[in-house]
Amino acid sequence: MEYKFYGNENANVSAVNEKYRKIADPRMLYDMLSGIWCAETCAPRMRDRWTAENMTLGQCSITAFLAQDIFGGKVYGILRPNGNYHCYNVIGDCVFDLTSEQFGDEKLSYDGNTEQFRDVHFAKEEKRLRYEYLKNELEKLISEEYMVLKIYEDDYGCEGIPEDGELMCSVLARNADGEEKWLKIADKWLTDNEVTVGSVIRR
């Protein structure tokens, strides 16, 4: 696939967060977000102009901070004429901007810009909620499906369940690759979700 976002040629950094280990590099993240970016994740002031053809419009800050969650590094911002900052990622010598395509042929300067911080950006609740939506949808994509093979209630012996604890179960499950593993899952969660042997769960 030919990528057009800024810095794609050298976007070879790997995930530093174990939760996102399946995301090989920023190009793979771009592929995954291409199916998630939507009018709902677009900045409200631009939402009426968002289209699937211009899918990165209004997505910069929430995307850059999500990429930071995955790959580490820092987020910087290019000051725009309207006083807002266009955000992108810097990890060592690697500079990439997953949402640069929204500017078409305009050449942006990625030198000498100001570092951006999530506590400032997410002071706007609508932006924080858009970021959380984007993050949750991404995590749905990378979660593994398991078929439940066996369920055993944990044995707490004569002392019983600790006062501040909850009943846990050991669940033997198999993923799509045929790998079997034991999972520790709360009995209440299994009951609430009606999980039995043969059920498919995401972890």
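I count rings of Phe, Tyr and Trp (its six-membered ring) as a pair if their centres lie within 6.5 Å, and I call planes under 30 degrees apart stacked, over 60 edge-to-face and the rest tilted. By that criterion Tyr 3, Phe 5, Tyr 30 and Trp 37 form one aromatic cluster.

The model I examined is predicted, with local features needing pLDDT of at least 70, side-chain atom pairs counted only at pLDDT 80 or more, and totals for chains, interfaces and linings using all residues. Residues are numbered from 1 along each chain as its sequence is written, and side-chain values use heavy atoms, with hydrogens and water left out.

**Entry: aromatic pairs.** I found eleven aromatic pairs in the structure. The pair of Tyr 6 and Tyr 110 is stacked, because the ring centres are 3.8 Å apart and the planes lie at 15 degrees. I noted that this pair links distant parts of the chain, 104 residues apart: Tyr 6 belongs to the segment before helix 1, and Tyr 110 to the loop between strand 3 (94–96) and strand 4 (114–116). Helices (H or I, at least four residues) and strands (E, at least two) are DSSP runs, numbered from the N terminus.

I then looked up accessibility (buried is under 20% relative accessible area, exposed over 50%, partly exposed in between; 1.4 Å probe, protein chains only). Tyr 6 is partly exposed at 39%, whereas Tyr 110 is buried at 11%.

**Entry: helix 1 against helix 2.** Helix 1 (residues 26–33) packs on helix 2 (residues 60–71) at an angle of about 130 degrees, with the axes 11 Å apart. Helix 1 is therefore oblique to helix 2. For this class, angles under 35 degrees are roughly parallel, over 145 roughly antiparallel, 65 to 115 roughly perpendicular and the rest oblique. The axes are lines fitted to C-alpha atoms, for helices over the stretch in contact, and angles run from 0 to 180 degrees between N-to-C directions.

I recorded contacts (heavy atoms within 4.5 Å). Pro 26, Leu 29 and Leu 33 of helix 1 meet Thr 63, Leu 66, Ala 67, Ile 70 and Phe 71 of helix 2.

**Entry: helix 2 against helix 4.** Helix 2 and helix 4 (residues 125–142) pack at about 50 degrees, with their axes 9 Å apart. This pair is therefore oblique. On the helix 2 side, the contact residues include Ile 62, Phe 65, Leu 66 and Asp 69. On the helix 4 side, Lys 127, Arg 130, Tyr 131 and Leu 134 are among them.
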